[in-house]
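Subject: Structure for your attention

Dear colleague,

I am passing on the structure below, together with notes on what was found in it. Please read the notes alongside the model.

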Amino acid sequence: MKPLIAGNWKMNGLTPALADVETVAEIVSTSLPNADVLICPPATLVHRAVQTAAGRIAIGGQDCRPEPSGAFTGDISAEMLRDAGATAVIVGHSERRQYHGETNALVAAKARAAWRAGLLSIICIGETGDERTRGQHLEVCKDQLAGSVPEGANADNTAIAYEPVWAIGTGKTPTIAEIGAIHAHIRQCLTRLGTARTAIRILYGGSVKPSNAREILATPEVGGALVGGASLTAADFHPIIAAASAK
Ligand code: PGA
């Protein structure tokens, strides 16, 4: 499978940001990188981003609620994202786990909702800085995978994003050896959970930028990247997409 390069805009982006969607889509359609390219803008921009992208890149959501509809003020369902033209959704991002108290069970329910609506679910896991210091990162990721990845996950409906919380937005990253070791561990955990899960792409996320993308993406078992800050402008995002082609 091609690597997946996914941009997570978080709570950033007003109408003028659609110009960056256009630029990325145009570059992708002309340079034909060896990567699947996805941008996850805020929900307010999803539909217009889909129109702007016009099929040249994929557009996704950043979260969804498990229910298809109902009295859940302010929430958005997987079906709504699909209706807006999204083809993927991030679930269980550490900022959702941290600021909204999302549990593994809720994240699994969101992943199932994504599948129900025909969306690729990008299920996020990753340890905190304290957990890494205490040497618990392997165990934490194993538990998060066991609790957040539902039965039935496969390479077509799911990608895993390993995002060490301490690396997100900090400019810090694990060493290449550490990324290789934890991705190999995640692959092993997925294999143990069920053979259908073995081909699932495992993305690395956390301070991916043009200067480190090539090395990270060349690491065994790294099947792409989930990019926050460096996905906000085409100028930064494009070199990361190009780095995936070199894989
Ligand atoms: P970052 O964010 O690239 O800005 O570190 C990654 C993420 O949170 O998905």
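Ala230 sits in the loop between β8 and α10, where helices (H or I, at least four residues) and strands (E, at least two) are DSSP runs, numbered from the N terminus. Please bear in mind that this is a predicted model, in which local features need pLDDT of at least 70 and side-chain atom pairs count only at pLDDT 80 or more, while totals for chains, interfaces and linings use all residues. Residues are numbered from 1 along each chain as its sequence is written, and side-chain values use heavy atoms, with hydrogens and water left out.

Ala230 counts as buried because its relative accessibility is 10%; buried means under 20% relative accessible area, exposed over 50%, and partly exposed in between, with a 1.4 Å probe and protein chains only. Leaving aside neighbours within four places in sequence, Ala230 is in contact with Val208, Lys209, Pro210, Asp236, Phe237 and Ile240, contact being defined as heavy atoms within 4.5 Å. The C-alpha atoms of Ala230 and Trp9 are separated by 9.0 Å, although these residues are 221 residues apart along the chain.

**The barrel**

Eight strands close into a barrel with parallel pairing, in the order β1-β2-β3-β4-β5-β6-β7-β8; two strands pair if DSSP finds at least two bridges between them. Direction ignored, neighbouring strands of this sheet are turned against each other by 25 degrees on average, and angles in general run from 0 to 180 degrees between N-to-C directions, with axes being lines fitted to C-alpha atoms, for helices over the stretch in contact.

The parallel strands β1 and β2 are joined by five bridges, and Ile5 has Val37 of β2 as its bridge partner. Strand β2 (residues 36–40) is largely enclosed by the rest of the structure, because four of its five residues are buried. Further along the order, four bridges join strand β4 (residues 88–91) to strand β5 (residues 120–125), again running parallel, and here Ala88 stands opposite Leu120 in β5.

Strand β7 is mostly covered, with five of its five residues buried. The burial extends to both faces, with Arg201, Leu203 and Gly205 on one side and Ile202 and Tyr204 on the other. β7 pairs with β6 in the parallel sense over four bridges, where Ala161 stands opposite Leu203, and with β8, also in the parallel sense, over two bridges, where Tyr204 stands opposite Ala225.

Gln144 lies in α7 and counts as buried because its relative accessibility is 11%. Not counting residues up to four places away in sequence, Gln144 touches Arg97, Asn104, Ile125, Gly126 and Val149.

Ser94 belongs to helix α4 (residues 94–99) and is buried, with a relative accessible area of 13%. Apart from neighbours within four places in sequence, Ser94 is in contact with Val165 and Ile168; Ile168 is 74 residues from Ser94 in sequence, and the C-alpha to C-alpha distance is 9.1 Å.

In helix α9 (residues 210–217), which residues are buried? They are Asn212, Ala213, Ile216 and Leu217. These residues cover an arc of only 125 degrees around the axis, which puts them on the same side of α9, the arc being that of the directions from the helix axis to the C-beta atoms. On the other side of α9, Ser211, Arg214 and Glu215 are exposed. The buried residues of α9 are covered by elements that include β1 (4–8), α8 (176–193), β7 (201–205), β8 (224–227) and α10 (234–245).

Finally, the axes of helix α1 (residues 18–31) and helix α2 (residues 43–53) come within 9 Å and cross at roughly 35 degrees. On the α1 side the contact is made by Leu18, Val21, Glu22 and Ala25, and on the α2 side by Leu45, Arg48, Ala49, Thr52 and Ala53. The residues of this contact divide into six nonpolar, one polar and two charged, where Ala, Val, Leu, Ile, Met, Phe, Trp, Tyr, Cys and Pro count as nonpolar, Asp, Glu, Lys and Arg as charged, and the others, Gly among them, as polar.

With kind regards
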